[in-house]
Amino acid sequence: MSEFKAPQLDVSSILHGGIHHPTLREWQANGRTLTKSMFIYPIFISDDPDAEEVISSLPGQKRWGLNKLEGFLAPLVKKGLKSVILFGVPMKMEKDARGSAADDPSTPVIQALHLLSKAFPQLMLTVDVCLCEYTSHGHCGILSSLPNPGHSNQPTIEMEPSAQRIAEVAVAYAKAGAHCVAPSDMMDGRIRAIKLGLMHAGLANRCALMSYSAKFASGLYGPFRDAAGSAPSFGNRKCYQLPPQGRSIARRAIQRDANEGADFIMVKPALPYLDIISDAARLAPDLPTACYQVSGEYAMVVAGAEKGIYDLKEMAFETTESMVRAGASIILSYFTPQFLDWLDEEK
Ligand SMILES: [Zn+2]
């Protein structure tokens, strides 16, 4: 008879017993696990009505014309797509200093709102609100004509006119049927201006406000700029997007936007900023936290899988689950169509 050996490990060392079965592993999830309704699918809408253009730097994604939109989205809605965010891509419209094309009745997102509300009445429609795709200078606000000594080649933003103009555009989208407006411009004061604009228009109870509160000046936006044709014509956006090291100013932006009337707080990009997602969830605990797995993050995950470094589905789950673990309950992701399939399968 073999002698019983006293274990060398301490009882508190044993963790494997709690994770050996798939259900046990699910029980270990802090908070929520991924569901279809957490995903918002970003859609690029061209002003060429028949467009179905491949975006080479953003694998699997296209710019869609109005005539193609219903056919593209119908199978996804059938699979359980709950929500999209629309980005207008004016390829032919004239651009001016105030971004007049943003809320022109013929602008692609307004046309798409009319079309999608009829075709898919249950689909939740969010519209990105920004001027940079529509301005001749490619910046997200109204520029000052004053010189900018000490910051040559950088724009000076006129703060209040920019917030007012952004609010006008947001109200136009709400009037056209947007269930949610999401300003990505990062202009100071625009959340309050939009909320007041919605209230004056009698739409504040019919249109939610999701603030891109903590949007960092990231190197991960390249494929999006290709997709939306929104690179600035001079300077960069560092005077209004947050510095990547700036945790404290991100915390201030989150608290400011919560106080200015945001319904949802967004952090962008997601994966390199999980600490900020966690900050948002704690600083504004009564506002659900969203995060944007941006174009470059998505393209990185896809590229690594193509190189055989990991399995695409496994890494798509791992990256998005890390966002949920950090505190996000809403995820803007180009993987949304795949997740509609994956979430029906056994992992
Ligand atoms: Zn912009």
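Predicted model: local features only at pLDDT ≥ 70, side-chain atom pairs only at ≥ 80, totals over all residues.

Student: What is Arg 237 in contact with, leaving aside its neighbours within four places in sequence?

Tutor: Arg 237 is then in contact with Cys 140, Ala 217 and Pro 232.

Student: Which feature does UniProt place at Arg 237?

Tutor: An unreviewed UniProt entry places the feature "binding site" at Arg 237 and at Arg 225.

Student: Where is Arg 225, then?

Tutor: Arg 225 lies in helix 6, which covers residues 222-228. Arg 225 is partly exposed, as 17 other C-beta atoms fall within 10 Å. Apart from neighbours within four places in sequence, Arg 225 is in contact with Ser 230 and Ala 231.

Student: Changing topic, how many helices and strands are there in the protein?

Tutor: The protein has eleven helices and ten strands. Its radius of gyration is 22 Å, close to the 20 Å that the globule rule gives for 347 residues, so the protein is as compact as a globular protein of that length.

Student: And what share of the residues is buried?

Tutor: Of the 347 residues, 44% are buried.

Student: What about contacts between residues 24 or more positions apart?

Tutor: Such pairs account for 74% of the contacts with a separation of 6 or more.

Technical notes. Residues numbered from 1 in each chain as written. UniProt positions renumbered as here; feature names shortened; annotations may be inferred. Helix = DSSP H or I, 4+ residues; strand = E, 2+ residues; numbered from the N terminus. Buried ≥ 20, exposed ≤ 12 C-beta atoms within 10 Å, placed from the backbone. Contact = placed C-beta atoms within 7 Å. Rg over C-alpha atoms; globule rule 2.2 N^0.38 Å.
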